[in-house]
Amino acid sequence: MTNDILDLSAKVGRALQAKGLLLVTAESCTGGGVAQAVTEVAGSTAWFDCGFVTYSNASKTELLDVPAALIAQLGTVSEEVASAMATGALANSNAHVALSTTGIAGPSGAVPGKPVGTVCFGWARGDTVQTERLVFAGDRQSVREQTVVHALQGLLRIIE
């Protein structure tokens, strides 16, 4: 894990703690990378509730209440699924703030309109959900690292 990610995780922790908020993560393409990054910060038990690694479509439906019909209609890598993942993580935890990641880290898995490196994000706080779709360049590890960084940066925006 890079020092930049650790520094960003610590900044997220300070912001969450200052507002008395708990975080939950719902991750697919990052495989728990965001949860790992935030729990590297000493004292994270004060502001991190739990993380869901929902790699399969079935786990997204079973653990996060993402409608199977939504996945069938739009595909797993969509802003709508990222939104549903974040909302489902909040509903199935004690957290106040959620972030989600779903994407195609590669080296394969691309589909028409969704090249390798496509990642959708969701950030939820209360009833407000923000989403974003980006395409990152690089190999699998690089895409996953860029995703962790962007997810944490987006989280700061909705906390502060």
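Trainee: What should I know about the model before we start?
Mentor: It is predicted, so local features need pLDDT of at least 70 and side-chain atom pairs pLDDT 80 or more, while totals for chains, interfaces and linings use all residues. Residues are numbered from 1 along each chain as its sequence is written, and side-chain values use heavy atoms, without hydrogens and water.

Trainee: How many aromatic pairs does a search of the whole structure find?
Mentor: Two. Phe121 and Trp123 are stacked, 5.5 Å centre to centre with 0° between the planes. Phe121 and Phe136 are edge-to-face, at 6.3 Å and 90°. Rings of Phe, Tyr and Trp (its six-membered ring) pair if their centres lie within 6.5 Å; planes under 30 degrees apart are stacked, over 60 edge-to-face, the rest tilted.

Trainee: Are Phe121 and Phe136 buried or exposed?
Mentor: Both are buried, meaning under 20% relative accessible area with a 1.4 Å probe, protein chains only; exposed is over 50%, partly exposed in between.

Trainee: What sits over the ring of Trp123?
Mentor: The charged end of Arg157, 5.6 Å from the ring centre. The criterion is NZ of Lys or CZ of Arg within 6 Å of the ring centre and within 35 degrees of the ring normal.

Trainee: Switching to β1, why is it called largely enclosed?
Mentor: Because five of the five residues of β1 (residues 23-27) are buried. Strands are DSSP runs of E, at least two residues, and helices runs of H or I, at least four, numbered from the N terminus.

Trainee: Which residues are on each side?
Mentor: Leu23, Thr25 and Glu27 on one, Val24 and Ala26 on the other.
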